[in-house]
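These are my notes from going through one model, entry by entry. I wrote down what I looked up and what I found.

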Amino acid sequence: MAWFSPTSSHRSSSPKRYLPKHACTSWRGPRHPCLLSWSLCIILLIAIVFWPQNRSTRPSPTRQKRPDASVLHQARAFADVPVPPKKHKQQRTPAQPAAHVYRTDGLLDINPKGKHPILELIDRSETQWKRKLERQSKTLKQAVDEYRRRYKRSPPKGLPRSETCDDSIHECLQPFWGVDPSVLRASQAAWESYSNTFTIGKVSAASAVELLNYTFEDTSVLARERIQNQLDILEDMQDWLPEFRATFTTDDGPTQMVSWELRSKAEEAVAWGEYIDVQRVAASVTAKGWAAACPPNTPIHSYEPPPLPTAAVLGLTLPVFPQNSIAHTNLGQAPTRSSFLAPTFSICVSPLHQDILTAAPEQYTDDVGEDPAWGYKADARLLWRGSSTGILHQTGNEWNSSQRIRLVEMGTHRGGEMQVLLPRGHGGSAGNGSGWDGSVGFGEPVRASTLNAAFMDVSLVGKAIQCLEPVCTELKHMFQWHPYQSCQDAWMYKYIMDIDGNGWSTRFKRLMTSNSLVFKSTIFPEWQVASCPLDSLFFLLTFPCPSHHALLAPQVDLSDIYDILAFFRGDLAGAGAHDDLAECIATAGKVWSREFYRKEDMSAYHFRLFLEYARVMSLDREAMTYRDGDEDNVEAEL
């Protein structure tokens, strides 16, 4: 059936209808337009069905073809339009880690977005040490000029043999320069009569150093040993020392605490070339206890100690952080304040005492036996073994806040959680330290039982000593007491703790000579590091003297030990560790011990000390002062 006639010109008076009656009833023209309409309808229907639903009717700019650059250039050339310079992608400067804030009190406010502060401390320590070496004098003239620049006076005669300046000696003896020498001599003579003291010296410049007086019982073996130690140190240099008398205490700790007013007034008088009235200044002091040794605007003057130690104790210096008076029992006991500036020598001195610090050669050794290299040390926990010294454990004393008791209690605690700075997202094997490449963060809570099992091996040994009942029995049941440990067993640990007892530590030299990394918690600076600058920042103190960094010194309250350990040994599984840095510091400590902590170093320190002491005690200080051109001080290489 055809839809239309074979010829378009053919017409019929009664045309046949090939379509239904209702189709195209309104169309009056030829039939083929109706067919065209049907075709268009079908095409439109297909387009509607198959047209993408999410296609926008507005053309996308990205689909337009971008003109070729050469065409644009030619077009602008014909239009006399200058071609703008080609834009280069700006290189983004790598984001610098957030900065930590170094405070004036010696601590560091940590920015959680910054890098780990230990990394920054190591960099600062190395820089400080390099600068110290660069400033080292090479000639006599340089040494004299440096001495005058630092201390605003000429050195004592004999300086070339002493080789260098010593800030700790200067700071210790500086107040005595503000007191009349005759008053100092009277004070020293009075001190000789105090119990448990001994006096050594030279009665003339030509005599030897010898024991001049003592007030202890003849049966005291320890006192006799300490006398002989001091005589031995000075033996090789005694011929070049002038006349002097020096009184020592036989005790483990310091004995003389003078007020801040007395010390500061004496130092002010030095600047004016005057002397103070010691008795008048001492009588005007109203502060009590340790506060008397601190500046009047420091927090300790308004501090009321809590009945138990807090966990937020920071810092080493008591005036700024008075909580440390209960974090260390040598400060927790009321001091005896001296009303006069008496030159007294001790082998152990805190920053709050006026005792003159000397070297302590007790238990000195260069031989530590068989000590495996770092890589062969099997235990990455922190080791400590020791006796219950540090305080008399009796009812009424804050013995439970003593440093050794707190260490063992903290390291063996099993309940609760602790917040620790663990490596974050280490994503690698242990030892690469990659967990600390980013920010340090806020720390993570870790169960104390899990943490101590992985990080700590600390214990009291033997039985309870320095105690009275019923505290002795309480101590016995409070801890699990271990037997004494041999050095060979101790050397299997990578990290070893050294903490104060009744005074300074006799094991320090031995530990520093080992291949282990030493953690030292103390309020008593050693004679060989007392003059070195410290970075007391957040939870790490580094001693950049005389090596870049030779040991680690946690806070007095020990609250940062876990953070330090986590940085070096890694997390609970050892991942994210800085084992290579720990080995480097341990090696630097051993080198320092063997090259700067020798008996000849003790002798050199004592020689400088007694040269300065003899001059400040002399009735004619000017006669004992170096002058340019002195016959016995010709310029020479030191």
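**Entry 1**

I began with Asn-196, which lies in the loop between H7 and S3. Helices (H or I, at least four residues) and strands (E, at least two) are DSSP runs, numbered from the N terminus. This is a predicted model, in which local features need pLDDT of at least 70, side-chain atom pairs count only at pLDDT 80 or more, and totals for chains, interfaces and linings use all residues. Residues are numbered from 1 along each chain as its sequence is written, and side-chain values use heavy atoms, with hydrogens and water left out.

I noted phi of Asn-196 near 60°, a positive value in a residue other than glycine. I use buried for under 20% relative accessible area, exposed for over 50%, and partly exposed for in between (1.4 Å probe, protein chains only).

Lys-152 also went on the list, with phi near 60°, positive although the residue is not glycine. I found Lys-152 in the loop between helix H4 (140-151) and helix H5 (159-162). Lys-152 is exposed, and its relative accessible area is 67%.

**Entry 2: the whole chain**

I then looked up the totals. The protein has 20 helices and 16 strands. Of its 638 residues, 47% count as buried. I also checked contacts, meaning heavy atoms within 4.5 Å. Among contacts in the protein with a separation of 6 or more, 71% are between residues 24 or more positions apart.

**Entry 3: the five-stranded sheet**

In what order do the strands of the open sheet run? I read the order as S4-S3-S5-S6-S7, five strands with mixed pairing. Two strands pair if DSSP finds at least two bridges between them. At the edges I found strand S4 (210-214) and strand S7 (356-357), each of which pairs on one side only.

I followed strand S5 (residues 244-249) to strand S6 (residues 344-346): the two pair in the parallel sense over two bridges. Phe-248 stands opposite Phe-345 in S6.

Next I looked for helices on this sheet. Helix H8 (residues 221-234) packs on it and touches strand S3 (197-202), S4 and S5. The direction of H8 makes about 20° with that of S3. Helix H20 (residues 599-617) also packs on the sheet, touching S5, S6 and S7, and its direction makes about 115° with that of S5. Axes here are lines fitted to C-alpha atoms, for helices over the stretch in contact, and angles run from 0 to 180 degrees between N-to-C directions.

**Entry 4: two helix pairs**

I checked helix H7 (residues 181-191) against H20. Their axes come within 8 Å and cross at roughly 115°. H7 and H20 are therefore roughly perpendicular to each other. For these words, angles under 35 degrees count as roughly parallel, over 145 as roughly antiparallel, 65 to 115 as roughly perpendicular and the rest as oblique. On the H7 side I listed Pro-181, Leu-184, Arg-185 and Gln-188, and on the H20 side Tyr-613, Val-616 and Met-617.

The second pair was helix H14 (residues 448-455) and helix H18 (residues 561-569), whose axes come within 12 Å and cross at roughly 55°. H14 and H18 are therefore oblique to each other. Leu-451, Asn-452, Ala-454 and Phe-455 of H14 meet Tyr-562, Leu-565, Ala-566 and Arg-569 of H18.

**Entry 5**

How many residues of S11 are buried? Five of the five are, so S11 is largely enclosed by the rest of the structure. Met-456, Val-458 and Leu-460 point one way from S11, while Asp-457 and Ser-459 point the other way. In a regular strand the side chains alternate between the two faces of the sheet.

Strand S8 (residues 379-386) runs parallel to S11 and is joined to it by five bridges. Trp-384 has Val-458 as its bridge partner in S11.

I found Pro-470 in the loop between strand S11 (456-460) and helix H15 (471-478). The peptide bond from Glu-469 to Pro-470 is cis, with omega near 5°.

Last, I looked up Pro-423, in the loop between strand S9 (417-420) and strand S10 (444-447). Pro-423 counts as buried at 7% relative accessibility. Pro-423 and Leu-572 are 149 residues apart in sequence, and their C-alpha atoms are 9.8 Å apart in space.
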